[in-house]
Every structure is written in structure tokens, then in C-alpha cells.
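Hi,

Here is the structure I promised to pass on. Please open it alongside this email; my notes follow below.

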Amino acid sequence: ESKQIEIMLSMNGQRIAVDDETHAKDCPSPVLIVSNADALKTAVKNLVENAIRYSPVKTHVAVGIVADDQNIRIKVVDQGIGIPERSLSRVFERFYRVDPARSRETGGTGLGLSITKHCVQECGGTIAVWSREGEGSTFTITLPRHSKVNDVHETDVDAAAMKAAKAVEAE
Ligand code: ATP
Ligand code: MG
């Protein structure tokens, strides 16, 4: 599936240009995210997939990270078809789709957001949605911010994530 949509990345409002030469150190203000890598990856991937699937061509999808003292928020923002208000509280339910007829054309099973919510909770986070029909949608993953790896609850992340984070901290 090829679709003309521009994806923008930002960190605390500053746009990040990513090319082959971009490394983590080029990020304007790196933050420590200690999380189950696979779970977080699945969560973000599903949100980006939705943003693209439910947007017309030539629109923008933005993936932004906003950090304050307490939280890290990962936002996936689109300018797509949006979600009617009556459906907003249901989109995280398994198999729920706003418009089953239309969704048949776009493919999918209606499981993506329920999996996403599960993955986010596994990371110790929460997920919220803002949307308006015809304007677009914003999905926000909120994770607790940790300034030191030792502040992280071992039960919130898996052993591999802890090990990787400690290695980064030791650098
Ligand atoms: P799957 O993700 O399993 O391939 P899906 O995309 O239909 O299928 P979910 O990701 O769970 O399932 O989303 C549920 C429903 O919420 C979608 O069918 C769609 O109606 C609505 N939805 C989700 N994300 C967006 C979005 N960014 N913009 C508009 N509607 C959305
Ligand atoms: Mg989906």
C-alpha cells in the first residue's frame, strides 16, 4: 500500500529531521524512556498505521514526544476523517470499528487499538484519544518519566529493558 502522507517527528515541539546520519545524540533533548521495547513499539506502530489508514492523501501525520518533569507523552496526530463523539469511548474495545462497511475496504480487524491499550498498560502507561470528525485525531500515550533507571519499578518493564537502560545510563 503506498499513500502520499508526510510524517513529521518532533521532540518537545522541535522538529527532528531523520536521515541516514541522524543518531540519538542529535536529538534536541533526549529523555530516558524505560519500557518494554516490544510493547511500546507495537503501540506506536498501531497508532501510526491508523493515522495513515484513516487519513486522506497529502495530509500530515505527526509523531511527537513531549516531556515534562513527571511524564513523557508520545503523541500521534493526524488530519484524517476523525472519530464521531459517540464512538470515542469505544474505539479501544476489541473488534469495535466506527464504520464496519468502510473499514472492510480499508482492511483490518478492529483489534489494533485494544492491543495498543494493552501494550501501553504493560509499559505502566495510559492512553487517551482526542478526535473531531473531519478534523483529525490525536492519540496520546503517557508514560511516567524516570530521571534515573533505578527509579523505575522493576515490575513495569521487562528484564531486557532494564538492562538496556542501565547500559545507556552508564555510558
Ligand atoms: P486493525 O488495527 O486491527 O487493523 P482497525 O484499524 O479497524 O483494524 P483499531 O486500530 O482497533 O482497528 O481501530 C478501531 C476503529 O477506530 C477503526 O476501525 C476506526 O474506525 C477508528 N480509528 C482508529 N484510529 C483512527 C484514526 N486515527 N482516525 C479515525 N478513526 C480511527
Ligand atoms: Mg488499526
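Among contacts between residues at least 6 apart in sequence, what percentage join residues at least 24 apart? The figure is 61%. Keep in mind that this is a predicted model.

First, the overall layout. The chain has 171 residues, and 25% of them count as buried. Its secondary structure comprises five helices and six strands. Along the sequence they follow the pattern β-β-α-β-β-α-α-α-β-β-α.

Next, the sheet. Six strands make an open sheet with mixed pairing, in the order E2-E1-E3-E4-E6-E5. Strand E2 (14-16) and strand E5 (126-132) stand at the edges. Each has a single partner strand, so one side of each has no neighbour in the sheet. On average, neighbouring strands are turned by 20 degrees against each other, direction ignored. E3 and E4 run antiparallel and are joined by seven bridges. Val63 has Val76 in E4 as its bridge partner.

H1 lies across E3, E4 and E6. It runs at about 25 degrees to E4.

Last, the core. The largest nonpolar core holds 19 residues. Ala43, Cys119 and Cys123 touch the most other members. Helix H1 (37-53), strand E3 (60-67), strand E4 (71-78), helix H4 (112-122) and strand E6 (136-144) each supply at least two residues of this core. H1 gives the largest share, five residues.

Which residues does Ala43 touch, leaving out those up to four places away in sequence? They are Thr116, Cys119, Val120 and Ile141.

Best wishes

Terms used: Residues numbered from 1 in each chain as written. Chains lettered and ligands numbered in written order. Predicted model: local features only at pLDDT ≥ 70, side-chain atom pairs only at ≥ 80, totals over all residues. Core = buried A, V, L, I, M, F, W, Y, C linked by C-beta atoms within 7 Å. Buried ≥ 20, exposed ≤ 12 C-beta atoms within 10 Å, placed from the backbone. Helix = DSSP H or I, 4+ residues; strand = E, 2+ residues; numbered from the N terminus. Contact = placed C-beta atoms within 7 Å. Pairing = 2+ DSSP bridges. Axes fitted to C-alpha atoms, helices over the stretch in contact; angles between N-to-C directions.
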